[in-house]
Amino acid sequence: MSTLHVPSPACPPAVASTELELHYLAEGAANIIYSVSVLSPQSLQEHSHCCVMRLRKDLRSTKPAVAVMADFDRRIAPLFTGYESLLMTQSLYKLTPEMVRAATEELLEMDHVDLSALSADLDNLEGKPRRGLRPHHRRHVYLPAYEDEQYGILMQNLQGPGIDWLVEFKPKWLVQSPSAPVEAKNCRTCALNAMRRQKQKHQGRGDSGFCPLDLLEEGDALERALAKIWPPIEGDFREFVAAFKKTVQPALFHLRKLQEEHGSVGLKDFQNPIGKDFGVAMALRDCSVFLALRRRKNEPQDQGVLVELVDVKFADLDLKSIEGGKVQKWATMEQELLDGGWYYSREDSNCSLSR
């Protein structure tokens, strides 16, 4: 009997030269993520869905995949010396005109799907391509023409066989903004989230209901933050907290150290950008952390669900582009936080600095 294929860092290079089919999974502001199935050769079809493909959107702020990979290898990877296992293995994949055309046609079709009409069918979608579930605020932005982008980026699919839950969170700013008042009661992340909530703006994955500074604490503060990350299961939460402290916190302390070293991200820096390296600094403040969890096998029933932390990966670490008015946008945002008094405590503040 053949063993079940388990995704690993070796998978992206293994399928980089195969014929693939794309299956829409999700998207962010700059990229669309697809699961991939192997069409040929048949000998590698066990690798179907062991990888995901990232395709950039047709925006002024996105770079060609070849440049993204080169920047990552040259500027980001060296920062994680000694922490290489945190980074996602990536491989370039040569697209075909047919793949780009089919993916674009699918996005156009999905733009005309009424999500509310699909609500009754959502429970039946597990394990199937998520056609028709493109978020409203991501619509009407598509892929570049094949002539403008001929590559995608393959990465390991962290939610493969043997993984029961994949948890994502954004640590965001683990150090305070250089522009913040000395007596601030909100960190940069909590200040921005408070402003966006009041203005009812799209909050994104950076607002998960906890202060990122608590991820570096112990005791009650850490447990409150992790309760927002913990999947909705009846499991041994205390064991998860212990595993987080042992495995994830050292990685987050390293991320905080990198943010401190690349700390020229205050209002004065944005207003005087000459010589400032915003690409690395802002990437370090917008990366995502993925935790792969699985149910521990062969445990007594009366102990409940025991969960193992299998893997930790940092993603979304592309250099941030400063094109398209990005620096001015960051400056305007920081000015709004200062002018609106958002660094000071509000009634609903849950920031570590306000306690």
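User: Buried means under 20% relative accessible area, and exposed over 50%, with partly exposed in between; by that rule, does aspartate 111 count as buried or exposed?

Analyst: The model considered here is a predicted one. The relative accessibility of aspartate 111 comes to 7%, and the cut-off for burial is under 20%. Aspartate 111 therefore counts as buried.

User: With which residue does aspartate 111 form a salt bridge?

Analyst: The closest N and O atoms of the pair are 3.0 Å apart, which is inside the 4 Å limit for a salt bridge, and the partner is arginine 134. Both residues lie in the loop between α3 (97–110) and β5, so the pair ties together parts that are 23 residues apart in sequence. The partner is itself buried, with a relative accessible area of 0%, and it is arginine 134.

User: How many residues apart in sequence are the parts that lysine 199 and glutamate 336 tie together?

Analyst: Lysine 199 and glutamate 336 form a salt bridge whose closest N and O atoms are 2.6 Å apart. Since lysine 199 belongs to the loop between α4 (188–198) and α5, while glutamate 336 belongs to helix α9 (residues 326–339), the parts they tie together are separated in sequence by 137 residues.

User: Which residue forms a salt bridge with lysine 320?

Analyst: Lysine 320 counts as partly exposed, at 25% relative accessibility, and the closest N and O atoms of its salt bridge with aspartate 286 are 2.9 Å apart. Because lysine 320 lies in the loop between β8 and α9 and aspartate 286 in the loop between α8 and β7, the pair joins parts that are 34 residues apart in sequence. Both residues also take part in a network of salt bridges that includes Lys170, Lys172 and Asp316. The partner of lysine 320 asked for here is aspartate 286.

User: How far does the backbone oxygen of aspartate 286 lie from a polar atom of the side chain of lysine 170?

Analyst: Lysine 170 sits in the loop between β6 and α4, where it is buried with a relative accessible area of 7%. A polar atom of its side chain and the backbone oxygen of aspartate 286 are separated by 2.4 Å.

User: Why is strand β5 largely enclosed by the rest of the structure, and which residue of β5 is the bridge partner of lysine 94?

Analyst: Of the six residues of β5 (residues 151–156), five are buried, so the strand is largely enclosed by the rest of the structure. Strand β3 (residues 51–56) pairs with β5 in the antiparallel sense over four bridges, and in that pairing arginine 54 stands opposite isoleucine 153. Strand β4 (residues 90–94) also runs antiparallel to β5, joined by five bridges, and there the partner of lysine 94 is tyrosine 151.

User: At which residue does helix α6 bend?

Analyst: Helix α6 (residues 237–261) spans 34 Å from its first C-alpha to its last, close to the 36 Å expected, and aspartate 236 caps its N-terminal end through a side-chain oxygen 3.3 Å from the backbone nitrogen of arginine 238. Its buried residues include Phe240, Phe244, Val248 and Leu252, and among the elements covering the buried residues are β6 (165–169), α5 (219–229) and β8 (307–315). The bend is about 45°, with proline 250 following within four residues, and the residue at which it falls is valine 248.

Terms used
Residues numbered from 1 in each chain as written. Predicted model: local features only at pLDDT ≥ 70, side-chain atom pairs only at ≥ 80, totals over all residues. Heavy atoms only, no water. Buried < 20%, exposed > 50% of the residue type's maximum accessible area, 1.4 Å probe, protein only. Helix = DSSP H or I, 4+ residues; strand = E, 2+ residues; numbered from the N terminus. Pairing = 2+ DSSP bridges. Expected span 1.5 Å × (residues − 1). Bend = angle between axes of the 7 residues up to and from the residue. Contact = heavy atoms within 4.5 Å. Polar contact = N/O pair within 3.5 Å; in protein donor to acceptor, adjacent residues only side chain to side chain. Salt bridge = Lys/Arg side-chain N within 4 Å of Asp/Glu carboxyl O.
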